[in-house]
Amino acid sequence: MSLSETGRLLLGRQLQQPDQRSCGAAVAVMAEALRNDGYARRLLAGGDEEFDREVFAMHRRLTGPVDAAGSLQAPWLRIVGTPPWALARQLARRSDGRRVVPARFRPGSAWAAMTASLARGELVPAYVGNRRLPRHVVLAVEQLEDAVRMYEPGSGRLVRATREEWTEGRLLLGGWREPWFVVSARR
């Protein structure tokens, strides 16, 4: 996706997730802002406080009994973060659907799904963690010649990840190294 000037300003603000469990919600808020210029302007005007309010509200929606479309979803304990299927349903409101692509044992396939979605102009959440569990969510926002640029909500910064770092489990995303899932456009 080609980032708007407002989107670039928003990403430049280094907006961080407000607590240890809201990375997925911060990614959902940032994805919405990068696709909706009016929402991005509202977040810019409200600063960190508005971003935090939106992230907490999004986290309640993503882990609650009803999804963004009003359909029932399995409630989820907020303390363990954001389930990938809820994030997929949230983002699918504005695309042709989303799928959760496992990356843990097939990182090359997940990288291909992520970069194909980015090439079509889609934003792509990615779950990363350690060898045992997915622990953190980041947002792939831009494909570069040899890497992907990602919004990392723990620091609020844009970071670069190469294919080799992804496939070899050498990522540096919020302190986590192993890819687990990507939430890519269904096509």
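Predicted model: local features only at pLDDT ≥ 70, side-chain atom pairs only at ≥ 80, totals over all residues.

Student: OK, how many helices and strands are in the protein chain?

Tutor: The protein chain has six helices and six strands, where helices (H or I, at least four residues) and strands (E, at least two) are DSSP runs numbered from the N terminus. Along the sequence they follow the pattern α-α-α-α-β-α-β-β-β-β-α-β.

Student: What share of the residues of the protein chain count as buried?

Tutor: Of the 187 residues, 50% count as buried, and here buried means under 20% relative accessible area, exposed means over 50%, and partly exposed is in between (1.4 Å probe, protein chains only). Among contacts with a separation of 6 or more, 60% come from residues 24 or more positions apart, a contact being heavy atoms within 4.5 Å.

Student: Switching to helix α2, is it mostly enclosed or open?

Tutor: Helix α2 is largely enclosed by the rest of the structure, because 12 of its 13 residues are buried. Those buried residues include Cys-23, Gly-24, Met-30, Glu-32 and Leu-34, and what covers the buried residues of α2 includes α1 (5-12), α3 (37-63), α4 (84-91), β2 (124-129), β3 (134-143) and β4.

Student: What length does α2 reach?

Tutor: Helix α2, residues 23-35, reaches 18 Å from its first C-alpha to its last, close to the 18 Å expected at 1.5 Å a residue, where the expected span is 1.5 Å times one less than the number of residues.

Student: Where is Met-150, and is it buried or exposed?

Tutor: Met-150 sits in strand β4 (residues 147-152) and is buried, with a relative accessible area of 0%. Leaving out residues up to four places away in sequence, Met-150 touches several others, including Met-114, Val-138, Trp-166 and Leu-173.

Student: What about Glu-142, buried or exposed?

Tutor: Glu-142, in strand β3, is buried, with a relative accessible area of 15%. Apart from its neighbours within four places in sequence, Glu-142 is in contact with Arg-8, Leu-118, Ala-147, Val-148 and Arg-149.

Student: Which residues does His-59 touch?

Tutor: His-59, found in helix α3, is buried at a relative accessible area of 4%, and, not counting residues up to four places away in sequence, His-59 touches Arg-21, Ser-22, Ala-25, Arg-78, Gly-81 and Thr-82.

Student: Last one: what is the phi of Gln-14?

Tutor: Gln-14 has a positive phi of about 55° although it is not a glycine. Gln-14 lies in the loop between α1 and α2 and is partly exposed, with a relative accessible area of 36%.

Note on methods:
Residues numbered from 1 in each chain as written. Heavy atoms only, no water.
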